[in-house]
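Keep the viewer open and try each task before reading its solution.

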Amino acid sequence: MDWLESGTMANIFINRICNLRCKYCFANDLATMSNVQDMTLENFKKAVMFISKESEQIGIMGGEPLLHPQFDEMLEYLRESPQVNNVIIFTNGILLDKYLSRLRMPKFKILINCNSQESIGEANYLSLKENIRKSVIDYKMKNQVCLGLNIFNPNMKFTYVIDLLREFNFRYLRLSITVPNFKLDDNYDALNYFYAMKPITINIIKQALAIGVTPLFDCNKPPICWLTQEERSEILSLMGKQISNVVLLESTCYPVVDILSDLSAVRCMGFSTGPIVKIDKFSSLEHLRNYFFAQIDIPLSEKVIADKCVKCSSHMKKTCNPGCLVYKDALNKGRHRCK
């Protein structure tokens, strides 16, 4: 299974409980929403049917989804549903061993968010590493597993991930520069935030490429201008025949659609405060996604995260709409200024 496969995805947030407390986690907002509880099995099936009607990838998220009290039944439903062809389980990997035997079907992918031993403790890290080993060696699932790294600090440790990639001979590394978990104010500068994360991110990209691993940006991609032409050329030369969006030939975002336990939906968790709608009011996922695009993306398309972006040709051609749209939403509501 190729992690470069194109296609859109919608996520189902089945719980808000986690066995970790990562300071950078975007799902922390989910835990503050009073109407969000564990998703019932009935609602889960409805959400799956809503997404799978269009043969899209289904993301299963939390919290830590493996902690859901009915995860066994949910997994069995996904396994037995012929209309479900592509599922991604987002997990921290600590509890993964319990479910590996049932995740071997080709329809399943597992994205493991790898945290350092210093941040999650020795016991949790050893469980994470052992479960990665089991998935690759015991269950022969290497092509179904991808490691992920959230970049949240310009000085964070990351070599443990490079070691894991090398040891288990993985092909891909999912990277995400995290959206800051603090209130945006008049002193916040989104562009400077990206540039502060640039040295460590490029270092990670180069070290991954040096061992034959293709790094891939998830959401919150930096702007095209983040890389100089020299830096882009160097990365391209290291990539060889590999294909990756880390060279930033474009930087755009499109509504994911996150479905919550009560079958309400938001554009993505960055817009967890709204607009919030019920999925049964929409005829299809495409209909719902187009609604969010019209309500959020189009109004924010003219906004920029810095004054220098206004006359940028990439912005005018709509090939660069960088970062999380939460930045632009803050601008639109006057909560902070461009710099």
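The exercises below cover an aromatic pair, a strand and a helix.

This is a predicted model, in which local features need pLDDT of at least 70, side-chain atom pairs count only at pLDDT 80 or more, and totals for chains, interfaces and linings use all residues. Residues are numbered from 1 along each chain as its sequence is written, and side-chain values use heavy atoms, leaving out hydrogens and water.

**Exercise 1.** Describe how Tyr254 and Phe293 are arranged.

Step 1: Rings of Phe, Tyr and Trp (its six-membered ring) pair if their centres lie within 6.5 Å; planes under 30 degrees apart are stacked, over 60 edge-to-face, and the rest tilted. Step 2: The centres of Tyr254 and Phe293 are 5.5 Å apart with 50 degrees between the planes, a tilted pair. Step 3: Tyr254 sits in the loop between helix H8 (229–239) and strand E8 (258–259), and Phe293 in helix H9 (residues 285–300), so the pair ties together parts 39 residues apart in sequence. Helices (H or I, at least four residues) and strands (E, at least two) are DSSP runs, numbered from the N terminus.

**Exercise 2.** Are the residues of strand E7 (residues 214–217) buried or exposed?

Step 1: Buried means under 20% relative accessible area, exposed over 50%, and partly exposed in between (1.4 Å probe, protein chains only). Step 2: Thr214 and Leu216 on one side are buried, as are Pro215 and Phe217 on the other.

**Exercise 3.** Check the span of helix H2 (residues 41–52).

Step 1: Multiply 1.5 Å by one less than the number of residues. Step 2: For the 12 residues of H2 this gives 16 Å, which agrees with end C-alpha atoms 16 Å apart. Step 3: Among the buried residues of H2 are Phe44, Val48 and Ile51.
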